[in-house]
Amino acid sequence: IYPDPVLKQIATPVGEIHEGIRALAGRMIDLMYAADGIGLAAPQVGVSKRIFVTRDPDDEIRAIVWINPILEVIDDEMVCDSEGCLSLPDIDVKVQRPTGIRISGLDLEGREVVMESGEHIARVWQHECDHLDGRLIIDRMSTMDRLRCRKVIRELVERGG
């Protein structure tokens, strides 16, 4: 939970995919579903590694693990939409992002996975990659959202996450 310092760090790449990484991914999937989230990045569970999980856009029961993901914009039309974050409870802000994204990364077996989307999942991929780069939705807030959310942010800081 914000303001934990790990949320502002640039995560390190995953080297070898070993049992510890598989266990981390399993724990993240469980936490994502328990919180009714769409995605969860390793820094959100206190681990500064380049790994995140998302719900499969084609099968809500299945999750996809992304290790060392790389994003490429394939449609740079910008769309502003509302985003929340499990690390910033009770905060919902408008974030402008490109609509079309290609993502590539490794799965838990070390195989390359590539997907493209212009749907909501593309926004989720960008949001989770922001976590891996130490960025939060509050870093992308408009001045109006910052003013509207300042009390909640101050309370999070005072509680220390």
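Buried here means under 20% relative accessible area, exposed means over 50%, and partly exposed is whatever falls in between, with a 1.4 Å probe and protein chains only.

Some housekeeping before I go on. What you're looking at is a predicted model, where local features need pLDDT of at least 70 and side-chain atom pairs count only at pLDDT 80 or more, while totals for chains, interfaces and linings use all residues. Residues are numbered from 1 along each chain as its sequence is written, and side-chain values use heavy atoms, with hydrogens and water left out.

Back to Asp130. What does its side chain meet? Asp130 forms a salt bridge with Arg140, at 2.6 Å from N to O. By salt bridge I mean a side-chain nitrogen of Lys or Arg within 4 Å of a carboxyl oxygen of Asp or Glu. That pair links distant parts of the chain, with Asp130 in helix H2 and Arg140 in the loop between H2 and helix H3 (143–159), 10 residues apart. Arg140 comes out at 28% relative accessibility, so we call it partly exposed.

Arg123 and Glu83 meet through their side chains in a salt bridge, 2.7 Å from N to O. Here Arg123 sits in helix H2 and Glu83 in strand S3, 40 residues apart, and the pair links distant parts of the chain. Are these two buried or exposed? Arg123 has a relative accessible area of 9%, so it is buried, and Glu83, at 5%, is buried as well. If you're counting, the structure holds 14 salt bridges.

One more of those, then I'll move on. Arg111 bridges to Asp107, with the closest N and O atoms 3.0 Å apart. Asp107 lies in the loop between S4 and S5, yet its relative accessible area is 14%, so this loop residue is buried. Which residues is Asp107 in contact with, leaving aside neighbours within four places in sequence? The answer is Ile17, Val65, Ile67 and Val113, where contact means heavy atoms within 4.5 Å.

Now the fold. The chain has three helices and five strands, and along the sequence the pattern reads α-β-β-β-β-β-α-α. The five strands make an open sheet in the order S1-S2-S3-S4-S5, with antiparallel pairing; two strands pair if DSSP finds at least two bridges between them. S1 (39–41) and S5 (112–117) stand at the edges with a single partner strand each, so one side of each has no neighbour in the sheet. From one strand to the next, the twist averages 45 degrees. At one end of that order, S4 (residues 92–106) and S5 pair in the antiparallel sense over six bridges, and Ile101 stands opposite Ser117 in S5.

How do the helices go on? Helix H1 (residues 19–34) lies across S1, S2 (51–56) and S3, at about 45 degrees to S2. H2 packs on the sheet too, touching S1, S2, S3, S4 and S5, and its direction makes about 100 degrees with that of S3. Axes are lines fitted to C-alpha atoms, for helices over the stretch in contact, and angles run from 0 to 180 degrees between N-to-C directions.

Rings of Phe, Tyr and Trp (its six-membered ring) pair if their centres lie within 6.5 Å, with planes under 30 degrees apart called stacked, over 60 edge-to-face, and the rest tilted. That rule gives one aromatic pair. Trp66 and Trp125 have ring centres 6.0 Å apart and planes at 70 degrees, so they're edge-to-face. Trp66 is in S3 (residues 59–84) and Trp125 in H2 (residues 120–132), 59 residues apart, which makes this another link between distant parts of the chain. Trp66 is buried, and Trp125 is too.

Last bit, whole-chain numbers. Of the 161 residues, 45% count as buried. The C-alpha atoms fill a box of roughly 45 × 35 × 25 Å along the principal axes. And among contacts with a separation of 6 or more, 63% come from residues 24 or more positions apart.

Definitions and conventions:
Helices (H or I, at least four residues) and strands (E, at least two) are DSSP runs, numbered from the N terminus.
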